[in-house]
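Here is a short report on one protein chain. It covers cores, surface, helices and a charged pair.

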Amino acid sequence: MKKRMIIILGFISIALFILSLSIAVTINFTPLYAFDIGYLSISESINMSRETILLNYRVLMEYLNSPWVSELAMPDFPSSERGLFHFVEVKRLFLINYSILLVSGIGTVSFIVYSGKKKLHKRFLSFFRYGILLSAALITSVIISFDRLFLLFHQTFFNNDAWLFDPSTDPIIRALPAAFFMHTFVLAFGLVLVLLITGYLFTKSKIRTQSRTRSQTSETSQLY
């Protein structure tokens, strides 16, 4: 019973670690937004230079990422109280994700060490297979019906409608089009998929190596 619980908690830790790591990388991957400024014609749509937009975006991200930054003041984008309140909630989610990343990272390392001692590699293969299928399905869903998923995301993580920005009072929303958020979702789940595939291939290679080693050991023992 104890072993079963350790295995369950171990795989939960790995799943949370992979997801939170992918989210952390995505939200800090400024090159994606820099690319979208041109790809989505953001600069032209709000009549602002690329450099100015990026400056304000970095100010926003520094606020969202840093517990010690208590006030958001973008130099070229005024914010309403409603808008600032939403960013407080987003900041809270960012910090929760980093906390999950830290705790699940410790749990993942501990479980990997435990799994090595208990020879649980084959269980990892099943975990990675199901994870790969689920991630591929999520990426497909994001591409096909992003608007619905985006709405569901906000209804799940926010108990208000402060996220529905008014461009006249919170012009930053014009610099953050829905297509950009779709790209971030695809990138996050894409990273999850890459990590799962990497884990699957590494585990399979590990099993083959162990099998080959056992076979060679058996043949050697038979000679003597």
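Helices here are DSSP runs of H or I, at least four residues long, numbered from the N terminus. The model is predicted.

## The nonpolar patch

Met5, Ile8, Leu9, Ile12, Leu16, Ile96 and Ile100 make a nonpolar surface patch of about 570 Å². Two elements give two or more residues to the patch: α1 (2-27) and α5 (81-118). Helix α1 provides the largest share, five residues. In general, an α-helix has 3.6 residues a turn, so residues three or four places apart point the same way.

Take Ile8 as an example from the patch. Ile8 sits in helix α1. Its relative accessible area is 38%. Buried would need under 20% and exposed over 50%, so a value in between is called partly exposed. Ile8 therefore counts as partly exposed.

## The cores

Now go inside. In soluble globular proteins, nonpolar side chains tend to be buried together. Which residues have the most contacts inside the largest nonpolar core? They are Tyr33, Leu64, Phe87 and Ile172, in a core of 28 residues. Helices α2 (30-39), α3 (42-46), α4 (50-65) and α5 each supply at least two residues of this core. The largest share, seven residues, is from α4.

Phe87 shows how the packing runs. Leaving aside neighbours within four places in sequence, Phe87 is in contact with Leu60, Tyr63, Leu64, Leu72, Met74, Phe165 and Ile172. Another core, of 15 residues, lies apart from the largest one. Its members include Phe11, Phe124, Leu125 and Phe128.

Helix α2 has several buried residues. Leu32, Tyr33, Ala34, Asp36 and Ile37 are buried there. Tyr33 is also among the residues with the most contacts inside the largest core.

Asn56 belongs to helix α4. Is Asn56 buried or exposed? Its relative accessible area is 0%, so Asn56 is buried. Beyond neighbours within four places in sequence, Asn56 is in contact with Met74, Pro75, Asp76 and Phe77. Asn56 and Ile172 are 116 residues apart along the chain, and their C-alpha atoms are separated by 8.9 Å.

Thr184 is in helix α8 (residues 178-223). At a relative accessible area of 13%, Thr184 is buried. Setting aside neighbours within four places in sequence, its contacts are Thr26 and Leu32. Leu32 is one of the buried residues of α2.

Just after α5, Lys119 takes a positive phi of about 55 degrees.

Ser41 follows α2 and has a positive phi as well, near 55 degrees. Ser41 is not a glycine. It lies in the loop between α2 and α3. Asn47 also has a positive phi of about 55 degrees without being a glycine. Asn47 is in the loop between α3 and α4.

## The salt bridge

How many salt bridges does the structure hold? It holds one. The side chains of Asp161 and Arg82 meet in it, at 3.0 Å from N to O. Asp161 lies in the loop between α7 (146-157) and α8, and Arg82 in helix α5, so the pair ties together parts that are 79 residues apart in sequence. Side chains of opposite charge can pair when their charged atoms come close.

## Accessibility side by side

The table lists relative accessible areas for residues discussed above.

| Residue | Relative accessible area | Class |
|---|---|---|
| Asn56 | 0% | buried |
| Thr184 | 13% | buried |
| Ser41 | 34% | partly exposed |
| Ile8 | 38% | partly exposed |
| Arg82 | 41% | partly exposed |
| Asp161 | 41% | partly exposed |
| Asn47 | 71% | exposed |

Note on methods: Residues numbered from 1 in each chain as written. Predicted model: local features only at pLDDT ≥ 70, side-chain atom pairs only at ≥ 80, totals over all residues. Heavy atoms only, no water. Patch = residues over 30% accessible without salt bridge, like charges linked within 9 Å, V, L, I, M, F, W, Y side chains within 5 Å. Areas by Shrake-Rupley, 256 points an atom, 1.4 Å probe, with all protein chains shown as cover. Salt bridge = Lys/Arg side-chain N within 4 Å of Asp/Glu carboxyl O. Buried < 20%, exposed > 50% of the residue type's maximum accessible area, 1.4 Å probe, protein only. Core = buried A, V, L, I, M, F, W, Y, C linked by side-chain atoms within 4.5 Å. Contact = heavy atoms within 4.5 Å.
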